[in-house]
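Please look over the following briefing with the sequence and the structure at hand.

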2 protein chains.
Amino acid sequence: MSAIDELITEFAKLPGIGRKTAARLTYFLLKQPTEASRRLATTIEHVAERVSPCSVCGNLSEVDPCEICTDPRRDGSLLCVVEEASDITAIERSGEYRGLYHVLGGRLSPLDGIGPDDLRLQALEARVGNGTPVREIIVATNPSMEGEATATLVRGVIANPAIRVSRLAQGLPVGGDLEYADAVTVAQALTARREMSS
Amino acid sequence: MSAIDELITEFAKLPGIGRKTAARLTYFLLKQPTEASRRLATTIEHVAERVSPCSVCGNLSEVDPCEICTDPRRDGSLLCVVEEASDITAIERSGEYRGLYHVLGGRLSPLDGIGPDDLRLQALEARVGNGTPVREIIVATNPSMEGEATATLVRGVIANPAIRVSRLAQGLPVGGDLEYADAVTVAQALTARREMSS
């Protein structure tokens with residue numbers, strides 16, 4: 001196999017990238033200065049070598065514990081439970097959250113053979129029991145069927161009645177269009193409607 | 001910038017890959033064994049270091065002249081002119097062509113500032129004049145406005161009346177659906193209709 005074919009094959013292993021896109025990426029790189037390809041290669045290697053899950057929360061980081069876990073300005077009594085480390089970025093971007101995180105490393109999905117034992121639930125229980133007392137756990141699993149099932153599972157794991165367990169609100173996305181919203185979202189937005197102050 | 005953000009930025013430089021897709025690719029790699037990322041990085045480097053344009057035809061190859069130019073079973077009197085080296089793969093896949101190639105390295109595109117001087121036209125003229133006499137030149141530029149203009153330009157460059165210059169046929173794509181074909185393609189298919197033998 002030629003070097004070009006090899007690279008097309010490697011690119012095509014990435015999610016959402018078929019052989020045609022993989023070929024386009026390969027030929028794009030070939031049109032760039034060698035330096036561009038080398039920088040991409042080096043960056044991929046750096047990430048592979050330097051980034052690993054934080055032993056406390058499961059966030060992906062170059063240091064252990066991660067920057068969020070060791071940030072003294074963060075509220076250690078607040079824990080946000082997410083499915084994947086990539087979900088942390090979305091919540092951080094909102095600028096609305098200053099607590100810590102706990103990455104489950106997936107979601108309940110019997111069809112894919114992912115059960116409760118495959119999620120970092122024991123680590124969550126241990127964290128809630130030790131150190132700074134946890135005041136609230138925000139369950140930020142995805143608003144999908146698997147995410148809901150996972151949220152219920154997390155809820156069941158938190159036995160301490162002093163800890164508030166909440167779930168991200170569901171409703172119309174901001175800037176969305178009612179006309180194009182799906183029926184389930186509209187139903188959810190109706191059920192969870194909030195009173196307007198006069 | 002963290003290693004993760006750096007890789008997201010690098011991926012986002014690739015065509016058709018926005019920041020969200022770049023983040024998905026990055027987190028996908030982080031979920032794979034380190035070996036997978038390392039293999040991707042090495043392959044990218046190999047391509048950058050080993051692959052370069054063939055000095056004869058412009059095809060991208062690890063050897064110079066490329067495998068096609070040096071293949072003795074190929075018909076040297078037949079030349080297929082393409083815009084990019086990646087177009088060669090498409091023609092090779094058809095299994096219908098056993099001649100040589102000539103890569104222009106682009107197409108006429110005044111809006112992008114690409115004029116006749118940016119295409120490998122002089123190299124084409126030189127090739128047609130030297131070595132094995134060329135019998136036919138198949139102009140396989142894209143069936144787009146720029147491709148057509150480029151084809152006309154190539155036609156003008158071939159002064160020798162003994163050389164046949166042809167263009168790839170245009171019409172309905174095989175396996176396509178007349179109902180969904182665009183009007184220009186249908187018009188083209190009508191104009192270029194072929195008599196059926198009885």
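In which loop of chain B does B:P65 lie? In this predicted model, B:P65 lies in the loop that runs between β2 (60-61) and β3 (75-82) of chain B. The peptide bond leading from B:D64 into B:P65 is cis, with omega near 0°. In chain A, A:P65 is likewise found in the loop between β2 (60-61) and β3 (75-82), and the bond from A:D64 to A:P65 is cis, with omega near -5°.

**Build of chain A**

- Chain A holds seven helices and six strands, and their order along the sequence is α-α-α-β-β-β-α-β-α-β-α-β-α.
- The radius of gyration of chain A is 21 Å, whereas the globule rule gives 16 Å for 198 residues, so chain A is more spread out than a compact globule.
- Along its principal axes, the C-alpha trace of chain A spans about 65 × 45 × 40 Å, and 27% of its 198 residues count as buried.
- The domain assignment divides chain A into domain 1 (3-50), domain 2 (74-167) and domain 3 (170-198), and the centres of domain 2 and domain 3 of chain A, taken over C-alpha atoms, are separated by 24 Å.

**How the two chains are related**

- Chain A is superposed on chain B, with an RMSD of 0.1 Å, by a rotation of 180° that has 0.0 Å of shift along its axis.
- The two copies are therefore related as by a two-fold rotation axis, and in chain A the C-alpha nearest that axis belongs to A:A41, at 2.1 Å from it.
- Both copies use the same surface, since 100% of the contact residues of chain A recur in chain B.

**Where the chains touch**

- The contact draws 37 residues from chain A and 37 residues from chain B.
- On the side of chain A that touches chain B, the elements that give two or more residues are α1 (3-12), α2 (19-31), α3 (34-50) and α4 (85-94) of chain A.
- Of these elements, α3(A) gives the most to that side, with 13 residues.
- The residues on this side of chain A divide into 19 nonpolar, nine polar and nine charged.

**The largest nonpolar core**

- The largest nonpolar core has 76 residues, of which A:I44, A:V47, A:V81, B:I44, B:V47 and B:V81 touch the most other members.
- Domain 1 (3-50) and domain 2 (74-167) of chain A both give residues to this core, so the core lies between them.
- In soluble globular proteins, nonpolar side chains tend to be buried together.
- Leaving aside residues up to four places away in sequence, A:I44 touches B:L7, B:L29, B:S37, B:L40 and B:A41.

**A closer look at A:L29**

- A:L29 is found in helix α2 of chain A, and A:L29 counts as buried because it has 24 C-beta neighbours inside 10 Å.
- Not counting residues up to four places away in sequence, A:L29 touches A:A36 and A:S37 in chain A, together with B:I44, B:V47 and B:A48 in chain B.
- A:L29 and A:A192 are 163 residues apart in sequence, and in space they are 49 Å apart from C-alpha to C-alpha.

Notes:
Residues are numbered from 1 along each chain as its sequence is written. Chains are lettered from A and ligands numbered from 1 in the order in which they are written. This is a predicted model: local features need pLDDT of at least 70, side-chain atom pairs count only at pLDDT 80 or more; totals for chains, interfaces and linings use all residues. A nonpolar core is a set of buried Ala, Val, Leu, Ile, Met, Phe, Trp, Tyr and Cys residues joined through C-beta atoms within 7 Å. A residue is buried if 20 or more other C-beta atoms lie within 10 Å of its own, exposed if 12 or fewer, and partly exposed in between; C-beta atoms are placed from the backbone. Domain bounds come from an automatic or database domain assignment. Two residues are in contact if their C-beta atoms, placed from the backbone, lie within 7 Å. Copies are superposed by least squares on the C-alpha atoms of residues with pLDDT of at least 70 in both. Helices (H or I, at least four residues) and strands (E, at least two) are DSSP runs, numbered from the N terminus. The radius of gyration is taken over C-alpha atoms; the globule rule is 2.2 Å times the number of residues to the power 0.38. Ala, Val, Leu, Ile, Met, Phe, Trp, Tyr, Cys and Pro count as nonpolar, Asp, Glu, Lys and Arg as charged, and the others, Gly among them, as polar.
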